[in-house]
Amino acid sequence: GGGGGGGGGGGAGRAGSALAAVLARPGPARPSLPSRVSFQPSADMQGTTVLHDTISARPQPLPARYFDTKTTEPISFFLSGLEELLAWQPNSDDEFNVSAVPLARREPPLQSRRPRTLVCHDMRGGYLEDRFIQGSATRNPYVFYHWRYIDIFVYFSHHTVTIPPVVWTNAAHRNSVPVLGTFITEWTDGEKLCEAFLAGGEEAFGAVAEQLARIAQRFRFDGWLVNIENKLSAAAVGNLPLFLRELTARVHSAVPGGLVIWYDSVLKDGTLSWQNELNDQNRMFFDACDGLFTNYNWKEEQLERTQRLAGPRLNDVYVGVDVFARGDVVGGGFDTGKSLRLIRQFGLSAAIFAPGWVYEQLGKENFLQNENRFWGSLAEYLPTHSICTLPLTTSFCLGMGTSTFLDGKDEESGPWYDLSAQDIQPLYPEQQGTLSASCCLRDAWSGGSSLQLQGTIPPGEERVAVRLFSLQMPAPPKLFLTLLYKLEGPQPDDFTVALEVTTWDSGICFEGNPTSLPEPNGRYHPRFLPAPPPFLAKLLAACGGRQGSLAPFLLCLLPLRCYELELQDCSLRDLSLIVSRQQPSLQETPFSCLLGEIRVLDTAGVAASLPQVHGVEASQLWWQEGPEPEQLSLSLTLRWSFPPGRARCLVGAASTGSAAAPRSSPAWVTTAH
């Protein structure tokens with residue numbers, strides 16, 4: 001895959017077909033020059049494409065911007081300076097950087113009139129292990145997974161044009177969060193760059209706006225944070241609002257739902273002076289785009305003035321909160337909630353800068369525990385958003401792990417990191433002392449992690465409900481639900497586990513915080529099915545990781561439970577897990593449950609046939625001797641077409657014989673809906 005061996009593929013909307021690479025040595029001499037690559041159907045493996053190629057040892061040089069020079073694996077990239085920006089053109093080498101995951105719909109929509117939460121990710125200059133598009137063997141990497149609590153994700157670095165690594169765009173889009181890149185100018189070089197394109201007039205700044213919009217459209221992210229952190233000449237600052245209007249209009253045209261947000265920096269006279277508020281000195285920039293991201297050293301009276309001046313656009317002001325607490329700030333670190341509490345009192349949105357503080361300052365070893373603590377401390381100030389489309393399928397994978405699990409079994413030990421493999425993430429409910437939700441890396445059904453629910457059933461009560469997903473969508477007439485779980489602890493047989501679906505009247509849609517919605521008027525416990533109906537069994541078999549067989553479900557300690565629910569004239573509200581005692585008790589009873597996978601399927605969609613992969617192509621073939629004697633390894637780029645959003649991961653196969661094509665990264669279970 002992708003010039004470097006391993007799994008994956010490039011381009012938007014591409015998923016996998018199994019590949020068998022047929023390798024043959026042409027005689028005892030050195031391998032000959034390459035011949036034309038061809039594909040033809042295999043006679044013995046249905047759905048498999050066979051590649052016939054004559055081997056050549058001549059290396060195929062790959063451009064260093066798009067491929068790692070040591071491993072040849074595809075990497076994400078940035079652009080430095082005005083010349084690189086204006087010279088940029090899309091080409092076949094950059095296709096790995098195109099997001100394959102459309103931005104999932106959400107409720108309420110992003111433009112609803114409620115305070116929003118923006119996260120600005122800034123870590124050690126950016127483009128670290130996350131630059132490897134097909135993943136890396138990184139131990140204890142940084143991951144973000146509290147997507148339900150945020151509305152916008154910005155990838156920040158100090159390169160002129162920061163194109164978000166596609167792994168971040170894929171993970172965010174799967175969880176309904178748009179992603180912005182960064183256009184930044186700084187210091188003396190920034191002054192020169194701004195003079196060149198802003199003072200140069202409409203043609204010059206129009207060309208920059210056009211290129212930025214084309215880049216967002218090409219790589220399928222959602223817009224830009226614009227950060228001009230250098231003083232400007234009178235001519236340059238005079239054209240700055242015009243540039244912002246041009247850029248905003250072009251992004252809106254090129255990217256559905258696109259955004260341009262301005263960072264609080266220069267003033268209308270060209271002075272570089274951070275205001276920490278919206279005022280008459282920077283309002284003309286706010287008026288020219290979709291929002292303002294303020295600096296971090298604000299006081300309460302500045303929030304009050306900002307609220308007054310913003311008027312009906314107060315939700316478009318993102319008040320900066322530096323988690324590192326640099327300068328004179330209200331609160332950072334585990335006191336970040338102090339800042340958010342004040343911001344929300346004035347109805348303003350928040351921009352949380354560098355929440356990677358948890359990882360950088362507190363260490364890697366206990367990162368997941370500290371990350372849950374950090375975001376749990378902010379949850380009451382973070383309006384969540386709901387899932388509004390089916391199917392809903394997740395194995396709770398974080399996009400990293402210490403092993404690779406397939407059908408509940410440890411297939412390959414060793415660390416890995418690939419945010420594109422991150423699944424839809426749940427809410428992470430926390431009730432101090434009685435309930436916690438966390439990520440478990442030691443055991444999983446698929447990928448690298450499961451969701452661990454730990455808590456207690458209070459004395460005298462029979463059960464506890466754990467709210468996993470907020471839903472806002474019309475309920476189809478019939479749902480199928482599947483659940484894979486494992487009860488832990490000394491007496492797992494003392495408990496039963498089931499799903500609960502809550503509803504409200506049809507057509508009801510709330511723009512408020514789904515974490516504080518009114519009580520549902522319908523509460524349903526789907527009917528347990530001893531065996532899935534034939535067409536559901538067929539789907540599960542097609543999505544199985546081992547030769548399409550359901551046998552792994554029977555062999556694994558995780559039981560597969562299927563449910564059916566018929567509904568009429570209502571809307572879905574919540575999906576919860578119910579943990580119940582088998583016997584009444586007046587004592588507090590602790591429990592621990594691992595969730596391996598949940599599916600919520602509209603039966604009308606289940607009956608539809610699965611689409612086929614087509615248009616398989618191979619390019620950039622590079623043969624190397626080894627790693628073992630009498631072996632050859634092959635690096636190549638594969639391209640194929642498959643509907644976006646219909647496949648979660650890739651599983652690949654290579655033929656074996658006198659020569660082999662070893663993989664350099666894990667292959668993932670494929671699950672299609």
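Student: In which sense do strands β16 and β17 pair, and over how many bridges?

Tutor: In this predicted model, strand β16 covers residues 400-406, and strand β17 covers residues 409-417. One of the links between these strands joins threonine 404 to glutamate 412 in β17. The pairing of β16 and β17 is antiparallel, and the number of bridges is six.

Student: Which residue in the hairpin of β16 and β17 takes a positive phi?

Tutor: The hairpin has two residues between its strands. A phi near 55° occurs in this hairpin, and the residue that takes this positive value is aspartate 407.

Student: How many residues of strand β16 are buried?

Tutor: A residue is called buried when its relative accessible area is under 20%. Strand β16 has seven residues and is mostly covered. The number of its residues that are buried is six.

Student: Why is helix α8 described as largely enclosed by the rest of the structure?

Tutor: Helix α8 spans residues 336-345. Its buried residues include Thr336, Gly337, Ser339 and Leu340, and also among them are Leu342, Ile343 and Arg344.

Student: Against which elements do the buried residues of α8 pack?

Tutor: The partners of these buried residues include both strands and helices. Among the strands are β5 (117-121), β12 (317-322) and β13 (349-353). The helices are α7 (300-310) and α10 (367-378).

Student: Which residues does glutamate 300 touch, not counting residues up to four places away in sequence?

Tutor: Glutamate 300 lies in helix α7 and is partly exposed, with a relative accessible area of 40%. Between glutamate 300 and glutamine 345 there are 45 residues of separation in sequence, while their C-alpha atoms are 9.9 Å apart in space. Once residues up to four places away are set aside, glutamate 300 touches Leu342, Gln345 and Phe346.

Student: Which glycine just after α8 takes a positive phi?

Tutor: The phi in question is about 70°. The residue that takes it, just after α8, is glycine 347.

Student: How far apart are N and O in the salt bridge of aspartate 151 and arginine 106, and are these residues buried or exposed?

Tutor: Side chains of opposite charge can pair when their charged atoms come close. Aspartate 151 and arginine 106 meet through their side chains in a salt bridge, at 2.8 Å from N to O. This pair links distant parts of the chain, 45 residues apart: aspartate 151 is in the loop between β5 and β6 (152-155), and arginine 106 is in strand β4. Both aspartate 151 and arginine 106 are buried.

Student: What is the relative accessible area of glutamate 500, and what is that of arginine 523?

Tutor: Glutamate 500 and arginine 523 form a salt bridge in which the closest N and O atoms are 3.1 Å apart. The pair links strand β23, which holds glutamate 500, with strand β24, which holds arginine 523, across 23 residues. Glutamate 500 is buried, at 1%, and arginine 523 is partly exposed, at 43%.

Student: Which residues are linked in a network of salt bridges?

Tutor: The structure holds 24 salt bridges. The residues linked in a network are Lys478, Arg527, Glu564 and Glu566.

Student: Is threonine 72 buried or exposed?

Tutor: Threonine 72 lies in the loop between β3 (49-52) and α1 (81-87), and its phi is positive, near 65°. The relative accessible area of threonine 72 is 10%, so this residue is buried.

Note on methods:
Residues are numbered from 1 along each chain as its sequence is written. This is a predicted model: local features need pLDDT of at least 70, side-chain atom pairs count only at pLDDT 80 or more; totals for chains, interfaces and linings use all residues. Side-chain values use heavy atoms; hydrogens and water are left out. Buried means under 20% relative accessible area, exposed over 50%, partly exposed in between (1.4 Å probe, protein chains only). Helices (H or I, at least four residues) and strands (E, at least two) are DSSP runs, numbered from the N terminus. Contact means heavy atoms within 4.5 Å. A salt bridge is a side-chain nitrogen of Lys or Arg within 4 Å of a carboxyl oxygen of Asp or Glu. Two strands pair if DSSP finds at least two bridges between them.
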